[in-house]
Amino acid sequence: EVQLAESGGGLVQPGGSLRLSCTVSKDTYSQTCMGWFRQAPGKEREGVAVIELGGEAVYADSVKGRFIISQDESKRTLYLQMNNLAPEDTAIYYCAADSPPAPEFWLYRATPKYGYWGQGTQVTVSS
């Protein structure tokens, strides 16, 4: 069974940067997409960025130009570089893998009921 483990979260000041990592315990080639999602207190889980194997990345409007998703297939690791962080980016960030109909569909319609999800890592942006 695929297992995902996030790391790299923490406390950062507004305007700062963090890089999240997600290590996958099993070959994910059977899953066509990997992505990052987040859930803030009192809010629903939302898509942040997804990337299709061999394809382009798709980002939520709120993080375009600030976040970069990438993957190192040789290390079975997914990354999320987060720059110019703001307090509204505070959330638990989850890594996930699935084979959705399309990356854009998964970004906006993903649910933990389907696919594979990590346990999450806390990101707090505060002065």
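1. A definition to start with: two strands pair if DSSP finds at least two bridges between them. In this predicted model, strand β4 (residues 33–39) and strand β9 (residues 91–98) pair in the antiparallel sense, over seven bridges. To see where they face each other, look at C33, which stands opposite D98 in β9.

2. Now follow β4 to its other partner. Six bridges join β4 to strand β5 (residues 46–52), and the two run antiparallel. Here F37 has G47 of β5 as its bridge partner. β4 and β5 form a hairpin with six residues between them, and G42 in the turn has a positive phi of about 75°.

3. Is β4 mostly covered or mostly open? It is mostly covered, with six of its seven residues buried. F37 has 2% relative accessibility, so it counts as buried, because the cut-off is under 20%.

4. F37 and W117 form a tilted pair, 4.9 Å centre to centre and with 50° between the planes. W117 belongs to strand β10 (residues 116–117), 80 residues from F37. Together, F37, W106 and W117 form one aromatic cluster.

5. Finally, please find R45. Its charged end sits over the ring of Y94, 3.7 Å from the ring's centre. R45 also lies over the face of W117, at 5.0 Å from the ring centre.

Notes:
Residues are numbered from 1 along each chain as its sequence is written. This is a predicted model: local features need pLDDT of at least 70, side-chain atom pairs count only at pLDDT 80 or more; totals for chains, interfaces and linings use all residues. Side-chain values use heavy atoms; hydrogens and water are left out. Buried means under 20% relative accessible area, exposed over 50%, partly exposed in between (1.4 Å probe, protein chains only). Helices (H or I, at least four residues) and strands (E, at least two) are DSSP runs, numbered from the N terminus. Rings of Phe, Tyr and Trp (its six-membered ring) pair if their centres lie within 6.5 Å; planes under 30 degrees apart count as stacked, over 60 as edge-to-face and the rest as tilted. A charge sits over a ring if NZ of Lys or CZ of Arg is within 6 Å of the ring centre and within 35 degrees of the ring normal.
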